[in-house]
Amino acid sequence: MARPVQYNTNVKMVEIPEGYSGEGFYATSFDKAIGLARKNSIWPLPFATSCCGIEFMATMAATYDLARFGAERMAFTPRQCDLLMVMGTISKKMGPIVRQVYLQMAEPRWVMAVGACACSGGIFDTYSVLQGIDQVIPVDVYVPGCPPRPEGIIDGFMKIQQLVGNESLRRRNSDRYRELMESYGIK
């Protein structure tokens, strides 16, 4: 018994950047072309220490499948990644390690704080828990929740994609960016 062939009719195509098109060519700015390539090929580095890591595993599994957003390759080495996803409780002893992992990543790099503990220390308002990873490294997107649902993690990832796609190639060379890095003691 043959199965009927079904096609996915809800396919969303990537929006092409603004530019000029003619017969057989398309011209746009270099920033837009690089932004389009970067935002659809982000390699995340998960730094999971507790229950938010379990939710992230669900996000990577078949039901939610973060790979369909361009995060196909999960890497566990900072030198090959461009998105650091910090999930879970970070103790003050772990703070320097998170910072070292961040510094080992190549530019451009982005950070996503996943869960209440990574964002603000969560329910652990104690002497040993870091009250938010933004005390040691700059954070681009915060995903709230204890633990956040996979839909929240995907939404945070899509916010990172928007940020990456709209970022100028020269932003990392600006005085404002240098001041931000120097405020964290990063040169």
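The model is predicted, so local features need pLDDT of at least 70 and side-chain atom pairs count only at pLDDT 80 or more, while totals for chains, interfaces and linings use all residues. Residues are numbered from 1 along each chain as its sequence is written, and side-chain values use heavy atoms, without hydrogens and water.

Select residues 51–159. An unreviewed UniProt entry places "domain: NADH:ubiquinone oxidoreductase-like 20kDa subunit" here; such annotations may be inferred rather than shown by experiment. The span is 32% helix and 12% strand, where helices (H or I, at least four residues) and strands (E, at least two) are DSSP runs numbered from the N terminus.

Next, show the open sheet, four strands in the order E3-E4-E5-E6 with parallel pairing. Two strands pair if DSSP finds at least two bridges between them. The edges are E3 (44–48) and E6 (141–143). Strands E4 (residues 83–87) and E5 (residues 110–114) pair over five bridges, and Leu83 stands opposite Trp110 in E5.

Axes are lines fitted to C-alpha atoms, for helices over the stretch in contact, and angles run from 0 to 180 degrees between N-to-C directions. Select Glu55, Phe56, Ala58 and Thr59 of H2 with Pro150, Ile153 and Ile154 of H5 to see their contact.

Finally, H5 lies across E4, E5 and E6.

Key. Contact means heavy atoms within 4.5 Å.
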